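Subject: Structure handover

Dear colleague,

I am handing over the structure below. My notes on what turned up follow it.

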Amino acid sequence: MARSFRESLNDKETFTFTYELVPGRSTRLRQFERIINFARAAAEDGRLHGLTITENAGGHPALSPAVLGREILEIGLEPILHFTCKDKNRNQIESSLFARDREGLHNLLVMTGDFPRYGFMGKAKPVFDLDVVHLLKLITEMEKGIELPPEAPGGGVKLPPMPFFKGCVVTPFKRFEAELMPQYYKLHKKIRAGAQYVITQVGFDARKFHELLLYMKDEGLNVPLIGGVFVMDVRMARLFNKGIIPGIYVTNDYLAHIEIESKKIGDHYKAALLRAAKLIAILRGIGYDGVHICGAKVNYDDIAFLLDKAEEFYPRWQEFLPEFHNAHPDTFYLYRKDPTTGLNTNERIETAESARAPLMFHINLKVHDLFFEPGKGFYNQAVKFARKISGTRYEKWFTKFEYTAKELLFDCQRCGDCFLGEMAYLCPQRGCAKNILNGPCGGSQNGYCEVYPDKICHYVKVYERLKAVGKRHLLREEFVPPRDWSLTGTSSWLNFWLGKDHHRHNKAGKNQEKDSPK
């Protein structure tokens with residue numbers, strides 16, 4: 001039997017292999033039996049260190065990954081459950097994690113999740129109550145032993161620690177600077193929140209794979225890095241080329257290369273397996289800790305062939321680098337190109353000058369400093385004013401005044417827990433389809449939103465504004481707590497001044513840091 005997933009990743013001498021399973025909607029279909037037979041064959045072979053199981057992939061309902069995970073665990077392989085934010089609020093998330101701990105299913109791959117696209121009698125309601133950074137932080141607290149707040153039922157009790165092993169996803173395969181850098185900045189937050197390993201989203205550009213590796217080393221993000229390897233035949237390449245699958249693309253030139261290669265070999269699927277084997281060899285050669293294989297047929301003989309070929313190709317991995325260039329001519333790279341290898345040098349490229357931020361943004365910054373920055377301007381007077389009118393009949397009129405102004409200026413959604421100050425005065429409740437608060441999902445395409453392709457990604461706009469005023473680092477450094485839904489419809493200004501909104505969590509964290517011994 002292969003070493004456990006956690007053990008293999010923590011052993012620098014071991015190159016880790018995982019494989020992605022996509023359960024269907026029922027255990028009574030033939031597909032489920034194929035998956036079980038695959039798991040048995042994989043356990044017998046011993047080269048796979050874990051099987052990941054998707055959660056409602058593509059936004060469609062499917063069998064819970066935990067059901068399949070329990071059976072795989074009994075077979076003798078390590079299940080790694082995808083755990084997403086799209087279908088569960090924070091209470092259901094915590095309940096699910098208690099269940100996973102009880103079942104011994106501790107390996108998690110935490111991600112935002114695909115936007116729901118289908119459900120009973122229509123499209124399902126997206127949840128996204130927490131984002132990935134919030135979720136990782138919650139799981140980290142559960143690993144240490146979560147302490148219930150005094151106001152909660154049974155408050156003041158510290159729960160027993162739970163031994164989760166959790167990772168996250170990042171994509172370096174973005175075309176523009178304003179699309180790429182927020183991905184990297186969010187990775188800092190994910191790792192600070194407790195991510196113990198990183199898997200890349202699917203991509204086919206060797207230089208981009210290398211770029212991520214260099215960035216993580218430069219920034220001291222010292223967690224294992226696994227490369228996503230998709231077994232892509234001509235049919236899937238054409239779908240990726242059309243932009244149908246969020247966050248994954250194939251250029252016209254690369255599609256032409258795949259079509260020619262497949263015709264030359266004469267078997268489209270065999271060509272896809274050989275191409276994936278070459279990419280595995282490259283990722284191992286440049287220094288990745290493992291690979292995550294996805295997109296293949298549920299047939300272990302194919303995976304055994306793939307692993308055999310990857311081992312065969314590994315000593316010659318540099319020969320295959322020219323075959324993995326899948327980027328538009330204007331693609332932004334963070335490091336200068338190495339003309340010898342076609343990968344990157346260690347020299348970072350100075351980012352381009354940004355456009356000027358709108359005048360209204362500068363005005364908003366000034367107003368913020370005057371009224372919402374502790375210790376500055378009229379902040380203390382504003383706090384006294386809030387205390388004076390809170391709970392009186394004047395609070396209602398003040399709330400109406402606030403939202404009249406904010407709806408006109410920001411298309412305000414009246415959440416009562418305002419995030420404009422952290423978002424360059426672009427409302428995430430309005431601007432981001434998934435209401436994400438700590439950085440973008442991986443689904444954008446050429447700078448446009450995964451869910452609404454005619455809209456520029458919310459975080460592309462935030463990045464460009466912050467960069468224009470020299471504050472883009474805030475996307476990397478600031479943790480934004482989740483929304484408090486009890487404040488909906490109330491005055492966000494009063495809530496801020498009275499310490500009721502999400503900012504209270506960051507203030508509490510800073511106070512704990514001050515009080516802790518150095």
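Predicted model: local features only at pLDDT ≥ 70, side-chain atom pairs only at ≥ 80, totals over all residues.

Two strands pair if DSSP finds at least two bridges between them.

Strand β4 covers residues 107–111, and strand β5 covers residues 165–170. The two run parallel and are joined by three bridges. L109 has G167 in β5 as its bridge partner.

Now the chain as a whole. Its secondary structure comes to 19 helices and 10 strands. The C-alpha trace spans about 75 × 55 × 55 Å along the principal axes. Of the 518 residues, 53% count as buried. Take the contacts between residues at least 6 apart in sequence: 74% of these join residues at least 24 apart.

Next, a helix pair. Helix α6 spans residues 177–192, and helix α16 spans residues 458–468. Their axes come within 9 Å and cross at roughly 90°. Angles of 65 to 115 degrees count as roughly perpendicular, and α6 and α16 are therefore roughly perpendicular to each other. On the α6 side, the contact is made by E177, A178, E179, M181, P182 and Y185. On the α16 side, Y459, V460, Y463, E464 and K467 take part. By class, this contact of α6 with α16 has seven nonpolar and four charged residues, and no polar ones.

Last, a single residue. A41 lies in helix α2, which covers residues 30–45. Is A41 buried or partly exposed? Its relative accessibility is 27%, so A41 counts as partly exposed; the buried class is under 20%. A41 and N299 are 258 residues apart in sequence, yet 9.0 Å apart in space, C-alpha to C-alpha.

Best regards

Conventions:
Residues numbered from 1 in each chain as written. Heavy atoms only, no water. Axes fitted to C-alpha atoms, helices over the stretch in contact; angles between N-to-C directions. Helix = DSSP H or I, 4+ residues; strand = E, 2+ residues; numbered from the N terminus. Parallel < 35°, antiparallel > 145°, perpendicular 65-115°, else oblique. Contact = heavy atoms within 4.5 Å. Nonpolar A, V, L, I, M, F, W, Y, C, P; charged D, E, K, R; others polar. Buried < 20%, exposed > 50% of the residue type's maximum accessible area, 1.4 Å probe, protein only.
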